[in-house]
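Student: Could you pick one part of this model and take me through it closely? I'd like to know how the pieces there sit against each other.

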Amino acid sequence: MAQNFNITRIESELYEWEKPPIWNGLHVYDKGRLHLVRVWAKRGTVEIVGYGFNGGTAATRPLQMFPMYVDAFRPQLIGRDVTDTAYVSRLADNVKIYGPGGYHTQVLAAVNQACWDILGKIEGK
């Protein structure tokens with residue numbers, strides 16, 4: 001049986017930039033905001049990094065909250081098989097903080113994107 005690529009590290013970075021405001025009839029979005037999540041997975045001496053994100057040009061939530069959720073989920077993810085993306089999704093079922101679109105869901109979605117990125121790289125895609 002082949003050895004798994006296990007998650008060894010998870011980090012997040014915040015980006016914010018000025019842009020022309022967008023008005024959707026209800027809200028004005030005046031800045032671009034991005035939360036970048038990087039996940040590292042290793043099998044033997046081979047290490048791969050994957051990228052996921054949330055936020056964007058219409059993001060209004062305070063960015064400072066996202067890294068706190070990465071920190072909270074990190075102990076549950078380190079050592080896990082990076083290709084078990086269903087496990088990452090199930091973590092959202094166990095935490096209901098701000099409903100289905102809460103911070104925890106957005107952070108786990110970014111982690112899941114990074115895991116899928118790694119899976120694609122493992123498969124050469």
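Tutor: Happy to! Let's call a residue buried when its relative accessible area is under 20%, exposed when it is over 50%, and partly exposed in between, using a 1.4 Å probe and protein chains only. Tyr-103 is buried, at a relative accessible area of 8%, and we'll build the picture around this residue. Please keep in mind that this is a predicted model, in which local features need pLDDT of at least 70 and side-chain atom pairs count only at pLDDT 80 or more, while totals for chains, interfaces and linings use all residues. Residues are numbered from 1 along each chain as its sequence is written, and side-chain values use heavy atoms, leaving out hydrogens and water.

Now to the rings. Rings of Phe, Tyr and Trp (its six-membered ring) pair if their centres lie within 6.5 Å; planes under 30 degrees apart count as stacked, over 60 as edge-to-face and the rest as tilted. That rule gives two aromatic pairs. Phe-66 and Tyr-103 have ring centres 5.2 Å apart and planes at 70°, so they pair edge-to-face. Phe-66 lies in helix 1 and Tyr-103 in helix 3, 37 residues apart, so this pair joins distant parts of the chain. Tyr-69 and Tyr-103 are stacked instead, because their planes are at 15°, with centres 5.8 Å apart. This pair also links helix 1 with helix 3, its residues being 34 apart. Phe-66 is buried at 3% relative accessibility, and Tyr-69 is buried at 12%.

Helices (H or I, at least four residues) and strands (E, at least two) are DSSP runs, numbered from the N terminus. Axes are lines fitted to C-alpha atoms, for helices over the stretch in contact, with angles from 0 to 180 degrees between N-to-C directions. The axes of helix 1 (residues 65-77) and helix 3 (residues 103-122) come within 9 Å and cross at roughly 65°. Taking contact as heavy atoms within 4.5 Å, helix 1 contributes Met-65, Phe-66, Tyr-69, Val-70, Phe-73 and Leu-77, and helix 3 contributes Tyr-103, His-104, Gln-106, Val-107, Leu-108 and Val-111. Sorted by class, that makes ten nonpolar, two polar and no charged residues, where Ala, Val, Leu, Ile, Met, Phe, Trp, Tyr, Cys and Pro count as nonpolar, Asp, Glu, Lys and Arg as charged, and the others, Gly among them, as polar.
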